[in-house]
Amino acid sequence: MDKVIHPIEPVFDENSKILILGSFPSVKSREYGFFYGHPQNRFWRVIADICDAGVPKNNDEKRQLLLNNGIAVWDVIYSCEIEGSADSTIRNAVPTDIGRILETASIHQIFTNGKKADELYNKYQKSSAGKEAVCLPSTSPANAAWTYNKLLTKWKSEIEDYIK
């Protein structure tokens with residue numbers, strides 16, 4: 001396994017109200033240069049539906065969708081050894097510094113996208129962040145147990161009050 005460094009900058013500004021943390025970018029996201037780059041990942045469709053917006057088509061539109069709705073996005077892990085995109089293979093993890101987001105924005109709630117992100121957040125960042133995270137079901141295509149409608153309903157029930 002090779003050590004991989006996170007190649008994507010966080011998305012946030014002073015108006016961000018929530019922070020959504022993934023674990024580490026997939027191979028497709030690293031190739032694409034932005035979060036949730038795998039075409040089957042349901043993240044962008046879920047966020048667009050919650051925000052009553054069209055699904056963004058490029059990185060600039062994705063960034064604007066997030067910022068226009070007070071959503072910050074980053075990942076828990078800055079560097080690690082990983083096989084492909086499999087979170088289960090993450091070894092020797094070094095966490096990101098979410099402090100710069102928390103110092104800039106008034107984050108009311110942190111959400112983790114999936115159980116692995118939640119586990120890593122609790123291990124590496126919860127104590128320094130001083131905030132509990134709400135674990136949302138993963139938008140990954142590997143999480144086939146959650147249909148799109150079930151996923152959307154859960155995500156919407158948790159985050160829409162913070163962004164409307």
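Reader: Which residue in strand 3 does Ile18 stand opposite?
Author: Ile18 stands opposite Ile71. Before we continue, please note that this is a predicted model, in which local features need pLDDT of at least 70 and side-chain atom pairs count only at pLDDT 80 or more, while totals for chains, interfaces and linings use all residues. Residues are numbered from 1 along each chain as its sequence is written, and side-chain values use heavy atoms, with hydrogens and water left out.

Reader: And what stands opposite Ile20 in strand 3?
Author: That is Val73. Strand 2 (residues 18-22) and strand 3 pair in the parallel sense over five bridges. Strands are DSSP runs of E with at least two residues, helices are runs of H or I with at least four, and both are numbered from the N terminus. Two strands pair if DSSP finds at least two bridges between them.

Reader: In what order do the strands of the open sheet come?
Author: The four strands run in the order 3-2-6-7, with parallel pairing. Strand 3 (71-75) and strand 7 stand at the edges with a single partner strand each, so one side of each lacks a neighbour in the sheet.

Reader: Is strand 3 buried or exposed, then?
Author: Five of its five residues are buried, so strand 3 is largely enclosed by the rest of the structure. Buried means under 20% relative accessible area, exposed over 50%, and partly exposed in between, with a 1.4 Å probe and protein chains only. Ile71, Val73 and Asp75 cover one side, and Ala72 and Trp74 the other.

Reader: New topic: how many aromatic pairs are there?
Author: A search of the whole structure finds six. Rings of Phe, Tyr and Trp (its six-membered ring) pair if their centres lie within 6.5 Å; planes under 30 degrees apart count as stacked, over 60 as edge-to-face and the rest as tilted. The rings of Phe34 and Phe35 have centres 5.5 Å apart and planes at 70 degrees, so that pair is edge-to-face. Both residues, Phe34 and Phe35, are buried.

Reader: Which residues do ring pairs link into a cluster?
Author: The cluster consists of Phe34, Phe35, Tyr36, Phe43, Trp44 and Trp155. Within this group, Phe43 is buried at a relative accessible area of 0%, and Trp44 counts as buried at 4%.

Reader: Lastly, where does Ser138 lie?
Author: Ser138 is in the loop between strand 7 (133-136) and helix 7 (148-163).
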